Amino acid sequence: EAYTGVQSFEILGGQFPIVLGGTNFTLPFEAYLYAPIAAIIGANVVVLKLLATLSWALSSVVLAVAGTRIANRRVGLIAALLCWVTPGALLLVSVSAYSAYASGMLVSIAAFVVATRLIDAAPPRRDLAVLFGVLAGFGFWLHPMFVASLLPMVVVVLWIHRRRVDMWIAVPAGGVLGCLPFLLWNAANAWPSLT
């Protein structure tokens with residue numbers, strides 16, 4: 001957690017990392033969010049943790065919307081509540097300033113909401129397909145572990161719209177756009193993320 005705060009002060013000092021320092025992956029997104037706050041109030045561990053908690057709360061709200069859309073309001077509320085407590089490790093992560101965990105959860109759930117709209121749409125909207133791709137690409141840049149939730153969504157969307165060439169262009173193009181800085185950083189540095 002301390003590294004997120006330290007990275008924030010490095011950002012304030014003029015360093016703008018594409019990945020966490022010392023790693024070849026993980027966007028220090030929370031560090032960018034915390035940097036302006038740290039510039040105003042200084043280092044504060046409670047505020048740093050509240051950023052993750054706020055992101056987790058937004059994830060729960062988006063999950064409530066998704067559950068309501070798929071089933072009903074009660075299901076949406078149950079899903080939102082379970083997001084906080086099941087499994088127990090998520091409750092710990094939801095109040096910790098681990099870089100990209102809370103924001104990755106939010107992006108994954110937002111991608112899910114957009115995926116459900118794409119799946120139900122006839123015909124699917126290209127702008128939603130690009131947005132879905134951007135969310136999937138950005139989620140991958142946040143942390144590669146989110147491939148476990150994002151890739152199945154991408155596969156399902158593309159399978160359902162397998163006869164639509166525009167979807168096969170829009171979703172991957174959005175994905176590349178969503179993680180373009182990460183791809184460019186890798187290309188400029190001999191692809192360290194592959195090791």
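What joins the side chains of Arg69 and Thr116? A polar contact of 3.4 Å does, where a polar contact is a pair of N or O atoms within 3.5 Å, one able to donate a hydrogen and the other to accept it, with residues adjacent in sequence counting only if both atoms are side-chain atoms.

This is a predicted model, so to speak: local features need pLDDT of at least 70, side-chain atom pairs count only at pLDDT 80 or more, and totals for chains, interfaces and linings use all residues. Residues are numbered from 1 along each chain as its sequence is written, and side-chain values use heavy atoms, leaving out hydrogens and water.

View 1. Arg69 sits in helix α3, residues 45-70 (helices are DSSP runs of H or I, at least four residues, numbered from the N terminus). Because its relative accessibility is 35%, Arg69 counts as partly exposed (between buried, under 20%, and exposed, over 50%, with a 1.4 Å probe and protein chains only). Beyond neighbours within four places in sequence, Arg69 is in contact with Thr116, Arg117 and Asp120 (heavy atoms within 4.5 Å). Its C-alpha atom is 8.8 Å from that of Val113, 44 residues apart along the chain.

**View 2. α3 against α6.** α3 packs on helix α6 (residues 101-120) at about 20°, axes 8 Å apart (axes are lines fitted to C-alpha atoms over the stretch in contact, and angles run from 0 to 180 degrees between N-to-C directions). The two helices are therefore roughly parallel (under 35 degrees).

**View 3. Who meets whom.** Among the α3 residues meeting α6 are Trp56, Leu63 and Arg69; α6 brings residues including Met105, Phe112 and Thr116.

Notes:
Angles under 35 degrees count as roughly parallel, over 145 as roughly antiparallel, 65 to 115 as roughly perpendicular and the rest as oblique.
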